Amino acid sequence: MGKKKSSKPPATKPTAKRAAKPAAKEAATEKRTRPQGGQASKRERTMERVGIVGYYQVKPSMDLQMDRYEAAFTAVRGALDGAKLKRKDLTSVVSATNDFYDGRTISNCFTVEASGSYLKDETKVEMDGAYAVLYGMMRVLSGNHKLVAVWGGSMASCFPYEVTSLLSTDPTFERSTELLNVMTAGGFQMRSYMNRFGVSAEEIAKVAVKNHQNASRNELALAESQDESITLDKVLGSDPLSSPVTDLMYARPCDGMACILLAPEQQALKITDHPIWIAGVGYSQENYYLGERDLSKSRSMEDAAKMAFKAAGITDPKKEIDVAEIFEHFAHEELILSNAIGLSEPSSPSSIPINPSGGAISGNALFATGLVRLIECAKQINNEAKGHQIDGVHTAIASGQVGFCAQNNILFVLEGGEKQ
Amino acid sequence: MTGRQVAIAGAGFCEHASKRSDVNMAEMVHEAVENCLKNANCDISSIDAFVNGNMPGFEGVNLPELWMTDWMGARNKPLLRVTTGGTTGGSIGIAGYYNVTAGIPGIDTVLVVGFEHQSCGDTSVGLASVAYAETSIWTKLGLSMDKMTRIFGAGAAIGISSYQAINYMKRSGATEEDLARVVVQNRHNAAKNWYTHLKMPNLTIEEILETPFISYPFRYGMVTPASDGACAVIFTTEEKAKDFTDIPVYVNGVASVSNESAILGYSGSGACQLDPCEQIGAVESAKLAYSQAGISFPEKEIDYAEVYSPLPTQELQWLERLGLFEENTAHLRYRDGTTAPNGELPVNCSGGVNSTNSIGASGLERIAEAALQIMGKAGNQVPRTVHTAIGHSWGGVINLVTLMVMSDQQKRKWKGVA
């Protein structure tokens, strides 16, 4: 394998070094009254860790000047180059694309060459990229694979997203009326949240303002989403999509691809000195019909968070998590999902930074968005986030979702490693 | 880091037919799920997680797993959707295996569901768009309409498979009678299996050779039907499998090695740059899966094979590429009866894809049928005991392959034997 030789095997890591790091960390984040650092090693995990050893994100664009093969190639190659690995080191490739979004049947059959999957154990997850990471993780945990590339994305400039969202509806009762689509579902969800908890549209617009401002500090954000001087009035006064949702509250689909490399614990430590650990994962799907669901809450995210925190041994998410990257299709989903995770309540906003990258509003290349959330968390932990870096991040969470009003949610817990 | 031993605890099907107009997609899936739970003597509360897959373009419903949540019983449970075209069934089976073996807390028993309701949509349109999506690029390059129409033919399975078949027949010396013989065996087997589509207990080679050509060497009587149907399989841990069944079927090897898509031909003409019956992907998949399962002599150690063969030459070709017969000899084994249910290596006793083809379920049905043969519960059970079996599928532009090796013995015991 083309790896950097680690100075020592992990078993013989000096404990003194391990202890030194949290102390330095506490100094850096003195203001935040959160006991952290050493906590990660004290947590009682119920799942083996998987290492993220490389990642790459193709800068999202409303009209990417690449075809999807080139974009897939750029993403996978970028991740391999970043980790100083070669294609021959890969044992498996998992992609996340969708036949409808790509406008073709079997969307993975022509990407074999471009994504480096030639004569590799290859498969495709037809869900958000975060679920492909889940499957990649399972492949690593099985012991069958030593290095798994997970890539995903789509080209919204090539397909009418709102039409394909209509094709995801119940074909018997809903498609024929053409009333339900991603916009109207978002409208129902926002109205439901506002009415249930007495939240004003301004409160939700504030989230959009924050994400647009955060995007302006993120060099890999969609250019159209970057707006330092955005105001509440501008968000509320932008074109209405489906009342009360306005244009600037919507994470508009764009073009983009991303890739993450996963490796088992021992292998990850050989490849890089600073792997990011996936310590926990949870995912769940709730029922489909909007009328049967409480749209002001997210049952599936509640279940996913419970499962992920149990796996990672997190008992108090508000204290133990340093940053959250949440896939919000609309600004209000950030609130609903962070409530479900237990980071905030409708009456009290989260004290933990959410979506410092700008979230999905900073670039929603469908099927890459969840992958990008994981990449952003990895960057925060590795201190690579530049303009939008949060100080002293050790534990981060990233989410992905599929379906109307986030019907299926997935949540990852990521931790920094003890540096050698 | 090693994964947990995985076992198949049960499998179920719904009735397959050309048009299941009595049910919609979700209801059809429900039938298979119910049957599977009955087969494993359990109810839906035993299931911890779900894997779902089909060929979305064929029915025109994007992400149908969202809509059919309640029909699968997946409400408030983890669900993963995997789709890879023709290999979808095989891929979701493999995903079911990985779900269990990974040991993610809370996930022990996984229900895998594959289905296709082809009568809802137009399969030919779906297949044409395998190649169609490239046309925007090709028109930019100035490709003529004449060539374009040929691309649609190449994109559909029958186009590319004809090239493959001619190559194979040239190599092996198999004749048209040999192809018809494969079909006859499959349709006779299908007649003894309750859920299959084309049941033809009295079909003869002569009858097939009288039907008109679709695309040389394939005649109308030789090709796979388009079926509506669904299949469900339960994967669980070694420990829990004993609660479901007396004979758990252990999954000892999985692989899905992809070959390059250039098999289709870069010019889009369908004329291949590579020999399309060479199938390095299948050869490599076999190597990988057999090594995981500790199988050194597949031709001796494997007792039963379910291969994915919508067209008869493919059945011959896959048996060779997967190491069960020597190269260019498969058609001779059909002549001497080796592959019949009472033969030395029974193949596709379920009737195979040649008799029943609901795309997204077909690959999973191969796994399910192989597992049921080991359990002794198959619809067309072979007379002697099956210890080790394989379930295979192919798809994409004949560049994707999946393979699963199953046995009545656990993997670690296997390693000692090998």
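Mentor: On the H5(B) side you have B:Thr88, B:Gly89, B:Gly90, B:Ile92 and B:Gly93, and they meet B:Ile359, B:Gly360, B:Ala361, B:Ser362, B:Gly363, B:Leu364, B:Glu365, B:Arg366 and B:Ile367 in H18(B). Contact here is when the C-beta atoms of two residues, placed from the backbone, lie within 7 Å. Helices (H or I, at least four residues) and strands (E, at least two) are DSSP runs, numbered from the N terminus. Sorted by type, the residues of this contact are five nonpolar, seven polar and two charged. Nonpolar covers Ala, Val, Leu, Ile, Met, Phe, Trp, Tyr, Cys and Pro, charged covers Asp, Glu, Lys and Arg, and the others, Gly among them, count as polar.

Before going on, a word on the ground rules. This is a predicted model, in which local features need pLDDT of at least 70 and side-chain atom pairs count only at pLDDT 80 or more, while totals for chains, interfaces and linings use all residues. Numbering starts from 1 along each chain as its sequence is written, with chains lettered from A and ligands numbered from 1 in the order in which they are written.

Now the geometry. H5(B) and H18(B), the latter being residues 359-375, pack with their axes 5 Å apart and at an angle of about 55°. That angle makes H5(B) oblique to H18(B). (Under 35 degrees is roughly parallel, over 145 roughly antiparallel, 65 to 115 roughly perpendicular, and the rest oblique.) The axes are lines fitted to C-alpha atoms, for helices over the stretch in contact, and angles run from 0 to 180 degrees between N-to-C directions.

Between the chains, 61 residues of chain B are in contact with 61 residues of chain A. On the chain B side, H5 (88-101) is one of the elements that each supply at least two residues, and others include H2 (56-59), H6 (123-132), H13 (280-293) and strand S3 (79-81). That side of chain B divides into 28 nonpolar, 27 polar and six charged residues.

S3(B) leads us into the strands. Three bridges join S3(B) to S2(B), and the two run parallel, with B:Val51 opposite B:Leu80 in S3(B). For pairing, DSSP has to find at least two bridges between two strands. S2(B) also has five bridges to S4(B) (residues 110-117), again parallel, and B:Gly53 stands opposite B:Gly114 there. S2(B), residues 49-53, is mostly covered, with five of its five residues buried. Buried means 20 or more other C-beta atoms within 10 Å of a residue's own, exposed means 12 or fewer, and partly exposed is in between, with C-beta atoms placed from the backbone. B:Ala49, B:Val51 and B:Gly53 point one way from S2(B), and B:Phe50 and B:Asn52 point the other way.

Zooming out, chain B has 19 helices and 11 strands, and 65% of its 418 residues count as buried. Among its contacts between residues at least 6 apart in sequence, 81% join residues at least 24 apart.

Most residues other than glycine have a negative phi, and most peptide bonds are trans. In chain B, the peptide bond from B:Tyr216 to B:Pro217 is cis, with omega near 0°, and B:Pro217 sits in the loop between S5 (213-215) and S6 (218-219) of chain B. B:Asn348 has a positive phi, near 50°, in the loop between H16 (330-335) and H17 (352-355) of chain B. B:Asn348 is buried, with 28 other C-beta atoms within 10 Å.

A:Pro244 lies in the loop between S5 (240-242) and S6 (245-246) of chain A. Phi of A:Ile106 is positive, near 55°, and A:Ile106 is buried, with 32 other C-beta atoms within 10 Å.
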